[in-house]
Amino acid sequence: MTLSEMKENQVATIMEIKNESGLSRRLFDMGFIAGQKITCINIGAFGSPIAYNLRGCNIALRKKDADKVWVIL
């Protein structure tokens, strides 16, 4: 499943980031690394942006960017 399919308060483990020019590097720099635990903490009113907690930091991603990150519950 992807990050954008997570429900609020669900915890998942990052599996991989689908390679897209610049996006995967930017996410990697923010801590989106395979094996990291991530929690969906808030979904925007129209489904975007979506806020996640990763390594103690809250990060908001657009839905189209969250679609590129694959996780397992």
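Reader: Where is the place of Pro49?

Author: Pro49 sits in the loop between β2 and β3, where helices (H or I, at least four residues) and strands (E, at least two) are DSSP runs numbered from the N terminus. A cis peptide bond joins Ser48 to Pro49, with omega at about 0°. This is a predicted model, in which local features need pLDDT of at least 70 and side-chain atom pairs count only at pLDDT 80 or more, while totals for chains, interfaces and linings use all residues. Residues are numbered from 1 along each chain as its sequence is written, and side-chain values use heavy atoms, with hydrogens and water left out.

Reader: Which residues have a positive phi although they are not glycine?

Author: Asn9 has a positive phi of about 70°, and Arg55 has one of about 55°. Asn9 belongs to the segment before β1, whereas Arg55 is found in the loop between β3 and β4. For accessibility, buried means under 20% relative accessible area, exposed over 50%, and partly exposed in between (1.4 Å probe, protein chains only). On that scale Asn9 is exposed at 61%, and Arg55 is exposed at 56%.

Reader: How should I read the nonpolar core, and which residues touch the most other members?

Author: In soluble globular proteins, nonpolar side chains tend to be buried together. A nonpolar core is taken here as a set of buried Ala, Val, Leu, Ile, Met, Phe, Trp, Tyr and Cys residues joined through side-chain atoms within 4.5 Å. The largest such core has 18 residues, of which Leu3, Phe32, Ile38, Tyr52, Val69 and Val71 touch the most other members. Two or more residues of this core come from each of β1 (11-17), α1 (23-29), β2 (37-43), β3 (50-54), β4 (57-61) and β5.

Reader: What does Tyr52 touch, not counting residues up to four places away in sequence?

Author: With contact meaning heavy atoms within 4.5 Å, and with that sequence exclusion, the partners of Tyr52 include Leu3, Met6, Ile38, Cys40, Ile41, Cys57, Ile59 and Leu61. Ile41, placed in strand β2, is partly exposed, with a relative accessible area of 32%. Under the same exclusion of residues up to four places away, Ile41 touches Glu8, Ala51, Tyr52, Asn53 and Asn58. Ile41 and Asp67, by contrast, are 26 residues apart in sequence and 16 Å apart in space, C-alpha to C-alpha.

Reader: Which residues form a nonpolar patch on the surface?

Author: Patches are made of residues with over 30% relative accessible area and no salt bridge, like charges being joined within 9 Å and nonpolar side chains (Val, Leu, Ile, Met, Phe, Trp, Tyr) within 5 Å. Accessible areas come from the Shrake-Rupley method with a 1.4 Å probe, and for residues only the protein chains shown count as cover. Here Met15, Trp70 and Ile72 form a nonpolar patch with about 290 Å² of accessible area together. Ile72 lies in strand β5 (residues 69-72) and counts as partly exposed at 47% relative accessibility.

Reader: How many salt bridges does the count come to?

Author: Side chains of opposite charge can pair when their charged atoms come close. A salt bridge is a side-chain nitrogen of Lys or Arg within 4 Å of a carboxyl oxygen of Asp or Glu, and by this rule the count comes to five. One of them joins Lys18 to Glu16, with the closest N and O atoms 3.7 Å apart; Lys18 is partly exposed at 35%, and Glu16 is partly exposed at 41%. Another joins the side chains of Arg25 and Asp29 (3.5 Å, N to O), two residues that are both exposed. Because Arg25 and Asp29 are four residues apart in helix α1, they are separated by about one helical turn.

Reader: What does the salt bridge between Asp65 and Arg26 tie together?

Author: The closest N and O atoms of Asp65 and Arg26 are 3.9 Å apart. Asp65 lies in helix α2 (residues 63-66) and Arg26 in helix α1, so the pair ties together parts that are 39 residues apart in sequence. Asp65 is buried at 8%, whereas Arg26 is partly exposed at 43%. Salt bridges that share partners join Arg26, Arg62 and Asp65 into one network.

Reader: Why is Cys57 too far from Cys40 for a bond?

Author: A disulfide is a pair of cysteine sulfur atoms within 2.5 Å, and by this rule the count comes to zero. Cys40 is in no disulfide, because the nearest cysteine sulfur, that of Cys57, is 16 Å away. Cys40 is buried, with a relative accessible area of 0%, whereas Cys57 is partly exposed at 45%.
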